[in-house]
Amino acid sequence: MDPAVTSIRLTVREAVHTLSSSEDGGRIFSTLRSLKRYLGETENPALPGEQKEFARVHFSAFLRCLVGRLSPDWLDLLPNGQLEELWASFFLQGPADQAFLVLMEALEGTASPSFRLMKMAQLLARFLKEGRMAAVMEGQCWQQTELAFPLLQETLVTKVVGLPDRLGNCLQRENLAEFFPQNYFPLLGEEVVRVLQAVVDSLRGGLDCSVSFVSQVLGKACVYGRQKEILGVLVPRLTVLTQGSCLWQRVCWRLVECVPDRAMEAVLTGLVEATPGPEVLSRLLGNLVMKSKKAQFVMTQKLLFLQYGHATPVLQSLLGYLALDSQRRPLLVQALKELLDTWGSSSAVRHAPLPQQRYISKAVLICLANLGDAELQDSRDELLASLMAGVKCHLDSSLPAVRRLGMIVAEVASARIHPEGPPLKFQYEEDELSCELLALATPCLTPSDVGPSVTPVAAETPDQETVDGGVSQARLEGSDSELDSDDEFVPYDMSGDRELKSSKAPMYIRDCVEALTTSEDWERWEAALQALEGLVFRSPAATREVSMELARVLLHLEEKTSVVGFEGLRQRGLVAVTVTDPARVAEYLTSQFYSINYSLRQRMDILDVLTLAAQELSRPGRLGRALQSGSLDPTSQPSCTAAPTWQAVVDERIRSKTRRFSKGCPRRGPAGSPNEFNAVAGYFFFPLIQRFDRPLVTFDLLGDDQLVLGRLAHTLGVLMYLAVNTTVAMPMGKALLEFVWALRFHGDAYVRRGLLSAVSSVLLSVPAERLLTDLPDELLEARSWLADVAEKDPDEDCRMLAMKALLLLEKLKDKLLSLSSP
């Protein structure tokens, strides 16, 4: 055996014996000082071979001996903390990986909070503050591949990343702030940067090293869900360091390439979220997606199709990264094809949540903005086929938001994929989302695209200045004429003026019917339509004589002139007729709802009229308001009902100068009146619900006309809610629950929303005692269905409506329990 090895073993054995048995502070101090030479920290250090042997064989055992001797009495053997400082120096100056493992072992081996536990925790906090964690990782980076110990590295990775959880379990309420996750992982990110800097310096010096251990630490930290903490520090530093440095870029590429496959998704997701743009992401990742199948799957499948909670800048960074390199651009083309296939899938449109559909639509537009015309032309036929299928699916949807998505994407995609063809144009309301989508569709110009247009503009600049000078001169010359302008005069108020018409408005209901059916005088036809609502309320008896004919005329009425608010006037007229003669008109309208030769728009108009009429009939004090509105002059226009400005000023002056000694008795509230909807609720409800499952030649509620089915479900729910406290509420509720149960698994989200609203209406309108007496089985089945919808339905609004219905059921149960208890 080598004499040096024997000498070191004897020295360490004597030192351990002295530490274990001696109570002499001076002797202990001298023993520890003699061992410091093996760490190279004294004036007479040991030989490098001896230092290496001590670190490899004896250092961990010696540290465990030091931990075992730690106690208040032992540290007080020397004054002024001399012994404690010398004791701590072995942990802070020796091999960092062994010191870290011994510290973690001692902390986890202590059963309960004690002096030793807190001292070890404070020493570990000092270990972190002095940058020793970087030394732990650096030591593994210098290990040669054949000399590395996989089990040791795995243990180190687990303890380095799991330190906050382990220390939290050990210290519990006595935990130190340095070990909190929000403080520890940013510190770990700083240490990773220091290690990478050391790696770069070594590579510049011609030394070989590896970043595999750092990649494992980074991957495990991201798998633990700490991407924001560690990458929030790491990415900004690497963004600056990789700018203009090929060596730093290659180190970053290698860092991500060495991440284990099980952690690749977490690391890439965090990097894409943390990077400020595609250029930075390209510097950090390089062509990783071309080298790693796992990375390619994450970047082109997982982040695009399976995760839809990312913000729009994340999508732009991801797809922009694929577009920045010629080797990666085929992946972008393939991603666009798959995105359009998913966007055009009828199953995806029906079952995917609305946020996911928005996410995919944004991804399609960003892909189109990043691809050139030549690349799109190569796949034109395939892209157009997917696009046309998607447009049909989106326009057939009963959700307005889905239809709007289809319109916007169809307009942009058709213009890019087939620019020479006729453009698709749709009418939709512009909102914040539509503006964002259109902004995403703006093509990303490359320097080659911008370059040719710069020179002509610069050449034309003098001419432009000349033109500007001419315009300015003309303005100066015309300034004299502006002195004669009449802009300083206050314009005359003409807001109360009325348009003079040659035809007078009809004064009787029959005249209105005649004007709307046979008149060729368009001014008379327009005046009759505008006066109809007031005449109906003013002459209810005359209206009942012609109510059926008037309802038929209004239902089939088409706009013949550009009347302002034609749809509103027609609808209000129908509602007024229905309110005046509810039983007969409701029976007529419900029968026409299931008749042939009606458009979907007319059928939905019938549902709207029935809903509004039922609301009007169920309002208390309706008759007084109807008489008041009917007493108005039918020839008056909405624009002239407001008092002139001068009259308002005079009234205000009179009120301000009038002295009142008493304001009299307080006004009484509105007088009570019976619910007029009670007697006619059955005429509104039962004919609508009886024939929903019988298809017609041009009308199939259970087939393609799901938009009308959804509107029907909402209408039935409103009618049920308005029938509260009526005698017919119980049979209505039973029929409505049967209707809901038959359609509960419908694939359209709008229909399911209507069904869930209908269930809530039943729970609100039918008395609780009658529900539990007559419908116990239906309520149990509805409860299990609602719980399933609240947990699994892809539509967020459906889940929310189901939760509200479940809360109503719970309140109903609590109410009955409180009534039954003595």
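Tutor: The answer below begins with the cavity and then turns to the nonpolar cores and the confidence of the model. Please bear in mind that this is a predicted model. The structure holds one cavity of 30 Å³ or more, and about 50 Å³ of space lies in the largest cavity. Its lining is formed by Leu218, Leu231, Leu234, Leu238, Cys252, Leu255, Val256, Leu271 and Leu284. Two helices, α13 (227–241) and α14 (246–257), each contribute at least two residues to that lining. Sorted by class, the lining has nine nonpolar residues, with no polar and no charged ones.

In soluble globular proteins, nonpolar side chains tend to be buried together. Here, the largest nonpolar core has 154 residues, and the members that touch the most others are Phe91, Phe100, Leu124, Phe127, Phe179 and Met299. Another core, of 94 residues, lies apart from the largest one, and its members include Ile509, Ala515, Leu617 and Leu719.

As to confidence, the chain averages a pLDDT of 81, and 85% of the residues score at least 70. Over residues 445–483, pLDDT stays under 50, and the model has one contact beyond four places in sequence for them.

Conventions:
Residues numbered from 1 in each chain as written. Predicted model: local features only at pLDDT ≥ 70, side-chain atom pairs only at ≥ 80, totals over all residues. Heavy atoms only, no water. pLDDT = per-residue confidence, 0-100. Contact = heavy atoms within 4.5 Å. 1 Å grid on protein atoms, 1.4 Å probe; cavity = no way out; pocket = protein on both sides within 12 Å on 5 of 7 lines; lining within 4 Å. Points joined across faces, edges and corners; volume = space filled by probe spheres on them. Helix = DSSP H or I, 4+ residues; strand = E, 2+ residues; numbered from the N terminus. Nonpolar A, V, L, I, M, F, W, Y, C, P; charged D, E, K, R; others polar. Core = buried A, V, L, I, M, F, W, Y, C linked by side-chain atoms within 4.5 Å. Buried < 20%, exposed > 50% of the residue type's maximum accessible area, 1.4 Å probe, protein only.
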